[in-house]
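Hi everyone, thanks for coming. Let me put the model up, and then we can walk through it together.

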Amino acid sequence: MVAVTIWGSLRQFTDGKGQLEVDARTFKELLDRLSQDYPGLKPQIDRGVSLALDGRIYREAWFTEIGPKSEVVLMPYMAGG
Amino acid sequence: MKGESMRFARPTTETEAVEIIAQEPGLTRILSGGTDVMVQLKAGLAEPALIVDIKHIPGLRAITPEAGGFRIGAAVSGAELGEHAGVRALWPGVVESAELIGSTQVQGRATMAGNLCNGSPAADAVPGLIAANASARIVGPEGIRQCPIEDIPAGPGKITLAKGEFLTSIFLPARPARSGDAYLRFIPRTEMDIAVASAAVSLTLDDAGIVTAARVALGAVAPTVRLVPAAAKAILGTTLDDAALAALTAACSDACSPIDDKRGTIEFRTQVAGVLAKRAALIAYSRAGGKK
Amino acid sequence: MKSIHVSTTINGDAAEFICAPDESLLDVLRNRLGLTGAKEGCGTGDCGACSVMLDDRLVCACLVLGAEAEGATVGTIEGVANGDTLHPLQQSFIDHAALQCGICTPGIIVAAKALLEKNPDPTDTEVRYWLAGNLCRCTGYDKIIHAVQDAAQKMRSA
Amino acid sequence: MAFDNAPKRVFKVVGTRPPRPDGVDKVTGRALYGADVSAPGMLMAHILRSPHAHAAIVSIDTSAAEALPGVKAVVTAADFAPQDDDFLRDVQDNCMARDKVLYDGHALAAVAATTPAIAKAALRLIKATYNALPHVTDVDAAMRADAPVVQEGRSLETVPDGMSPNVTSHCEFGHGDLAAGFAAADLIVERSFTTAATHQGYIEPHACLASMTPDGKADLWCCTQGQFNVRTLCAAMLGMEASQLRVTASEIGGGFGGKTTVFIEPVALALSRKSGRPVKIVMSRDEVFKATGPTVSSSIDVKIGMTSDGRITAAEAHLRYSGGAFPCGTVDMGAQAAFAAYDLSAVRTLGWNALTNRPKEAAYRAPGAPQAIYAVESVVDELCQKLGLDPLDVRLKNAARKGTKSSYGPTFDDIGLVATLEAAMAHPHYTAPLASGQGRGLSAGFWFNFGGNTCVSLNVNTDGTVGITEGNPDIGGSRAAISQMAAEELGISYDKIRTIIADTSSLGHNDVTDGSRVTFSVGLATIKAAQDAVAKMCSRAARIWGIDEDAVIWHDGAAMPAGPNAGKFPPMTLAEIAAVSFNTGGPIAGHYEFNADGAGVSFGVHLVDVEVDRETGATKVLRYTVFQDAGKAVHPSYVEGQMQGGAVQGIGWALNEEYIYGADGRLQNAGFLDYRVPVASDLPPIETVILEIPNPGHPYGVRGVGETPIVPPLAALSNAVSRAIGTRLNALPMSPPRILKALSKG
């Protein structure tokens, strides 16, 4: 299981929880599991999210491996100039 | 359709120019430096039927000494004017104001006459010319006439020249010893802007440093560049002491009837016009040999 | 609209073209003569990207009618290098990384060349005011000023 | 063969300042930009734009225009494919209005004709009938319940009930107990700020040349930050397959984020399809301002609590951004970036985006961050002033560092903020004396930096030279940096390498040149492609020598036996291996494609001195110094150039640049005369101090550098002006009328 921190405005879809326990070993598994367990998050996940793994930001890499002790933070998908 | 019937003429005499212009019933634009005309064409603000390039009329690109002053041809560019040591020595404020029109590139083309005839209340060259009591030579179907510069602007984008008339030269008069002039404008940047407010002061001193004659003109604070006799009166008979400067500043602010627009507010223009007049007066005073 | 036939001199060579009465010199250079080194950034004389020399005066080609080139001499960025030898300003702009996107560069080099011909030893402030009509959005102008001054120094000692 | 995967720290080519490969083309006028090419039989097109801020389109009658001699095609929204995807539909509707025009300048029809004059004349013959609607251009006004509604039904599920339909998204970030934090503060300052929309102000207007043939194949030449993105968007809008559309990126005359989307490209393609002729569109400057993407405008509240010794106890920000007439996610980035420079135990940022009748926002250098950080850094400065604390001390005391839980969630790895602050503290600028009427301001700044999809090919030529094919338009010297990294990795000299930018048919997908990603991501791919080629060259050498591949290493531009046991052979240089490549297995090439991550965040600190004329409100910038953690600076001149250019764009934003709307909702200043970007004479030298804190996510330690420098100037200038005049200013730009008004009140 990994602990995923979500951002504040998504808590309305997770019964107010800011951190979710998910059984996932990769970014893809994490997204699938979150969409399944918290259907309210699916629209945001479909629009795009980034994943910060131990401080490093991954924008869309499905197979990024997540260790059980990793710090996992969900972030909106971002664009630059 | 734009430009469909547009003609371009390049007369080589004044008479020829007058005839060509008289024959054109539609909108005519005189091209000397072209820095306003070209912008109007680009923006579709003007769709002239005739463009008359007056640069090839003899004398229109010349600066000629006359009666102790100078006659500046209507097609003399700011850069050419700035390189003329004689005019600069006699009317430094006028020359500086002409040199403030646009960039170095625009200076290579833009003329005082064009700046005047464009009719902008913010025209940089105009307050200085009015303060200098300059006049314009105008030709047209009815012949030649001389006209004080302050009688030419008629409102934003409007001038008093009749259809068929055009300006051939500007005359800067001689001036007494111990005279000086100066022009200041406010722009948000250091270059490349249209004046948000401006002021020109021309004055003459006696041996004691007392102002014996003065003319003050303001730009961008009314529908036309405005001569402000009350402001001149405020400094006449003074040595530009603090009280006189305060009276000048107040008279200038009182003379303002500006608008709020993208370039500045009524409040800002009114306040800054007074400040600029005060600062210009001090420069003119120093140029006239006055010691503060 | 009747086209006008114009005979002129561009970068030292005789040139002829026809143009519409309301056509700018910039459009003529770019669209009729294939000289696309002068750029149109604004078309209203506010950016300087179309700087060229007209009868030895620095001007914005967008503020000149093509018809006005009759009998005149025009100098563009394409004529600044001497054959395969770059002008010292051109070399200096490369050496000092005084360009990023490069769109303003032709205009700035033409303008700076006009400055150094008039004033071979300008102050930084003089360079900045002379070039105030040449907008550059990439560099913040710092390296441009260095490049002009370095070229000026090299030209003085050449 | 074996690679040393340890980060490289000693460089031969990286860190030097060679001439850029496109330099001569660009100083001689030879470089071809968007508007510089023509095609035989080419038509010129112009676009009809809305004079209304907001109106329903009742009808568009193009028949008279079509009948005008010389007109070859007219298109409207009906000529584009219907889109199901919200994002694509918005981009398309912005290119050509469908049912409503949403802002002054919104396109609704286009004409291609044999001459530009005919095309313009035809525009006047198009009869567009409008039903004018109430408009709103101010973000706070747009959020009110009774505001005119710009678009219905665009609110995401994240928006709380009861808000105006103009509010399209809501976000919240942060951690900790705010109430407890504020209770622990000795002083709390709470202020509201506004920032005007600004434009990227690239000097090159958008331009393109499209050519589609009757068999449905098309070529598109355009100035863009990303030709692959242009292909994706245009193919979808035209209903084409990607393979049939080849997009070539011209040289690009500035972008800064503004050329990361499409405006005229699909229109030119549609006109070309309809007319059967090549079609060129070049925007006027007026069109660029009215109808391409400026930044968001913003209204921001910030509340920060501090102890009397300068420790921040709690921080909160509410950001209201408007990205114009279409939904916009930029506020998410502003909300995440707002407090990134601080190590905070209690922090919360809330953000909302609201629709207004303004053009659709496009990215601009660190999108969303300058506005938020301006507000935060202004309040921090006011706290420092009120508590009598040194503003750099306070920032150091609260600085984010390795191990800090960032305000947006993740924990920071190696970051350079503390080093940057210390460099500013030690710099003579910080302690130089100031005269009366002058003020000194500073601000920290931050940007995330991105990686992204990247694909690079590297070909070893038989004469020992190397060609690199990459897919990102070079907007500020990246070809030089890419060549440098290849030279470094291959061990050959810089001048043996030529890097070119591929069209979309010549290379796999590359994301747009944005997010400060190119030197990082394309550089990384180039290094990997070089390693791929090196592996092949080692293999060729091994076969020539008849030894095992693993017994060959690459050193200093040559293959050599790994040790005495591998055999005694003199090193074979790249040129020697290349010369016999046809005999040893054929051409040698390296390739790499990936989706780059690990870009590494970047911090900067700016110091500025100003003098304010108290009678006119004019601000003169006297001295400016930029400090930035750039990671390894590959070509330091171009790193400095990014720092200087970003700083000056920020100075413009702070002092004079703004979108000015009239009561009629129309843009008042759509030109460089009244949209006042800084000119050379406005500025002092911009001094730069590069700190090279290596990015652990890159073998050379490279970080993105392009975006961070626009972030600090806003607050640095505001703090300097506020200190100079003794009154705090809370709105940008600090135009002279605003400063004079503040002085008369203060």
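Before going on, some housekeeping. This is a predicted model, in which local features need pLDDT of at least 70 and side-chain atom pairs count only at pLDDT 80 or more, while totals for chains, interfaces and linings use all residues. Residues are numbered from 1 along each chain as its sequence is written, and chains are lettered from A and ligands numbered from 1 in the order in which they are written.

Back to chain D, then. Where domains 1 and 3 of chain D meet, domain 1 brings 15 residues and domain 3 brings 17; contact here means C-beta atoms, placed from the backbone, within 7 Å. On the domain 1 side, α15 (478-490) and α16 of chain D are the elements that give two or more residues, and α16(D) gives the most, with five. Helices here are DSSP runs of H or I, at least four residues, and strands are runs of E, at least two, numbered from the N terminus.

Chain A, by comparison, has no contact with chain B, where the closest C-alpha atoms are 27 Å apart. Nor does chain A contact chain C, and there the closest C-alpha atoms lie 14 Å apart.

How confident is the predictor about chain A? On the pLDDT scale, which is per-residue confidence from 0 to 100, the mean of chain A is 90, and 99% of its residues reach 70 or more. Confidence in chain A is lowest in strand β4 (residues 56-58), at a mean of 85, and highest in helix α1 (residues 27-37), at 95.

One last stop: chain B. Leaving aside neighbours within four places in sequence, A277(B) is in contact with residues including V201(B), L218(B), L248(B) and C252(B).

Terms used:
Two residues are in contact if their C-beta atoms, placed from the backbone, lie within 7 Å.
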